[in-house]
Every structure is written in C-alpha cells, then in structure tokens.
Amino acid sequence: MIDARGVMYIANRGFDRIHRVGIDGVLETIAGDGTLSFLGCTRHTCRDQMGDGRPALDAPIPLPLHVLLTPQNDLLVPMSPPGAFWVGGVFSFLRRICGVGDLVPTAVAAIGENVPTPGATPSSVRLWPNPSNASVTVAFELDRTASVSVRVYDELGQRVRVLAAEARRPAGSYQFVWDGLDQAGRSQASGTYFLVVSVDGTAESHKLTLLH
C-alpha cells in the first residue's frame, strides 16, 4: 500500500513483519516480532502474548495479508494464522498499529528545542558541536533494551537523514554522527534542523544549527 505522500507499507507474510519505505527510499521494519508464538495457546495465556499496548516491534503479527492506513494514521493489519484458537473474545484477526502514518514525530511538529513527548526517552542526549559547520555528534545512554531510531529533520518536518533505523538495541552508550548530508549524500544548506531520538515510539527532539 502507498499513501498520499508516497510512503509504502508492506505486509511481509513470509517473516510475519510490517515494513515501511519512506519517501527517502529508506526501508525499515515498523511492526512484528517475527514469531508465531501465540498460535494454539489457551484463553488464559494468549492475552499476555499478544503484545497489545506495547511497542509494535514486540507484537506477534502472524501471516499478515495486507495493510490499510486509517485517517487517524493507524495501520490495520488483517491476519490469517492457521490453527489458531480465537476463543472467548480475546483475539481478533485484525490488528491495529497506532500512529505509524505520522511521517513527522510529535516532537518535531512542536518545532521547539528539547521538547520530549511523555514516556521513556534516552537519558542525557548530547550534541556537539552545535552550531556546526561540518558534522554533529549525538550521544545518549539507554538504561534498558528498547526499540531506538535516530533521524534528522528540516524545519518543514521533512526527514533529511536516518542515522539509525529503528531496531532493538540493548542498554548501553550510543554515539552517531551527522555529516550534514541527506540520505542521498547531498550537502544540506545552512539552517535549523531537528535531531529526533525515538525510544519505543516516544520521540525527543533537539534543535541543531548547520552553518557553512
């Protein structure tokens, strides 16, 4: 499925995951833990294995058929798991993944410096040098395993560069460098940009200035 902005969503039936290809051509996995873990479980145990209310990358999405983006920017995924026991109203063949159609994270839309959204964010995000005329280093700490992405956006909220595609990362220290280029390797103009670090779907934005 391709939305109005040219973003493509892919239901990967072979690997039980959902992917997204952005307008910059970057492919990322946005949902599905790649397992069929809750097939055949009982009504007393399956609810805890569904992943509902937790990050989409932690949820099982068995054999997705296709995807549908709602006006609320949620993704609906019908599934066809064979042999599953859908009992007691606990299950549904349709899964909802919230907010995946938002090209610009909430923190960027706010267009403010150090604007965190509620929830768990990395501790002590540091940028240096800032302003910069060459490259900017971003460093932060994770106190637990989490799904993390690091991206750069311009003032219009368009994604400029993916420094780290969304992936599960263990607790520890992380450091990434933006060299002032976009995803295609083109030098970016002087101006204000936003470095967005997202942890388990919660985004934190930091303003940075590029000078040439």
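**Aromatic rings**

I started with the rings and counted three aromatic pairs. The rule I used pairs rings of Phe, Tyr and Trp (its six-membered ring) if their centres lie within 6.5 Å, and planes under 30 degrees apart count as stacked, over 60 as edge-to-face and the rest as tilted. I was working on a predicted model, where local features need pLDDT of at least 70, side-chain atom pairs count only at pLDDT 80 or more, and totals for chains, interfaces and linings use all residues. My residue numbers run from 1 along each chain as its sequence is written, and side-chain values use heavy atoms, with hydrogens and water left out.

Next I looked at Phe-140 and Tyr-174: their ring centres are 5.9 Å apart and their planes sit at 25°, so I put this pair down as stacked. The pair joins distant parts of the chain, with Phe-140 in strand β9 (residues 136–142) and Tyr-174 in strand β12 (residues 172–178), 34 residues apart. Strand and helix names come from DSSP runs, numbered from the N terminus: helices are H or I with at least four residues, strands are E with at least two.

I checked burial too, and both Phe-140 and Tyr-174 came out buried. Buried means under 20% relative accessible area, exposed means over 50%, and partly exposed is in between (1.4 Å probe, protein chains only).

Phe-140 and Phe-176 are both buried. I noted that ring pairs tie Phe-140, Tyr-174 and Phe-176 into a cluster.

Which peptide bonds did I find to be cis? I found one from Trp-128 to Pro-129, with omega near -15°, and another from Asn-130 to Pro-131, with omega near 10°. Pro-129 belongs to the loop between β8 (123–128) and β9, and Pro-131 is also placed in the loop between β8 and β9.

For positive phi, I wrote down Asp-16, which is not a glycine but has phi near 60°. Asp-16 sits in the loop between β1 and β2 (17–21). Is Asp-16 buried or exposed? I found Asp-16 buried, at a relative accessible area of 7%.

Leu-63 is not a glycine either, yet its phi is positive, at about 50°. I located Leu-63 in the loop between α1 (43–46) and β4 (68–69). Leu-63 counts as buried, at 18% relative accessibility.

**Pro-60**

I found Pro-60 in the loop between α1 and β4. Its relative accessibility is 0%, so I call Pro-60 buried.

**Asn-12**

Last, I looked up Asn-12, which is in strand β1 (residues 8–12). What does Asn-12 touch, not counting residues up to four places away in sequence? I got Arg-17, His-19 and Pro-64, where contact means heavy atoms within 4.5 Å. I also noted that a polar atom of the Asn-12 side chain lies 3.1 Å from the backbone nitrogen of Phe-15.

Definitions and conventions. A polar contact is a pair of N or O atoms within 3.5 Å; within protein, one must be able to donate a hydrogen and the other to accept it, and residues adjacent in sequence count only if both atoms are side-chain atoms.
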